[in-house]
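Here is a short report for a reader new to this structure. Take a look at the model, then read on.

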Amino acid sequence: MEPVTPGQALCRLDDIPENEAMAVDVAIDDELDSVILTRQGQEVRAYFNVCPHAGRRLDWAPGKFLMKDGVLICAAHGASFQASDGLCIGGPCRGEHLRALSVEVVDGDVRLR
């Protein structure tokens, strides 16, 4: 996979279920990473799929996330993160953040900035 460059499309906005999360694999600096995309209306947030507590992925199965009422829950240890800003609001890493990536929606594509 080629490294991601600014403006590259990660997926279509409609690929991300409303008020849910999905994962895409991207190559950044020649390293393949899993990235979480969350969507609320036309707004998309992107975070590396790594919990700050133990460095494990948040998904319970590849690309499948526990998310309720705008809160993303780590399947490994139950840390709860606000989808809006990645802040941990409960669990073993309370007060820490998921590492964010800057994305934008252009003509229905979710693109890395």
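Which side chain does a polar contact of 3.3 Å join to that of Asn 49? The side chain of Asp 59 does. The model is predicted.

Asp 59 sits in the loop between β4 and β5, where β5 covers residues 66–68. Its relative accessible area is 10%. Buried means under 20%, so Asp 59 counts as buried.

The side chain of Asp 59 has polar partners. One is the side chain of Asn 49, at 3.3 Å. Another is the side chain of Arg 57, at 2.7 Å. Leaving aside residues up to four places away in sequence, Asp 59 touches Asn 49, Lys 64, Phe 65 and Ala 75.

## The open sheet

Strands of a sheet pair through backbone hydrogen bonds, either parallel or antiparallel. Here, 4 strands form an open sheet with antiparallel pairing. Their order is β2-β3-β4-β9. The edge strands are β2, residues 21–28, and β9, residues 100–101. Each edge strand pairs on one side only.

Strand β4 spans residues 43–48. It runs antiparallel to β9, and 2 bridges join them. Ala 46 has Leu 101 of β9 as its bridge partner.

Pro 17 lies in the loop between β1 (9–12) and β2. Its relative accessibility is 33%. That value falls between 20% and 50%, so Pro 17 counts as partly exposed.

Thr 38 is 21 residues away from Pro 17 in sequence. In space, the two are 8.2 Å apart, C-alpha to C-alpha.

Notes. Residues are numbered from 1 along each chain as its sequence is written. This is a predicted model: local features need pLDDT of at least 70, side-chain atom pairs count only at pLDDT 80 or more; totals for chains, interfaces and linings use all residues. Side-chain values use heavy atoms; hydrogens and water are left out. Two strands pair if DSSP finds at least two bridges between them. Buried means under 20% relative accessible area, exposed over 50%, partly exposed in between (1.4 Å probe, protein chains only). A polar contact is a pair of N or O atoms within 3.5 Å; within protein, one must be able to donate a hydrogen and the other to accept it, and residues adjacent in sequence count only if both atoms are side-chain atoms. Contact means heavy atoms within 4.5 Å.
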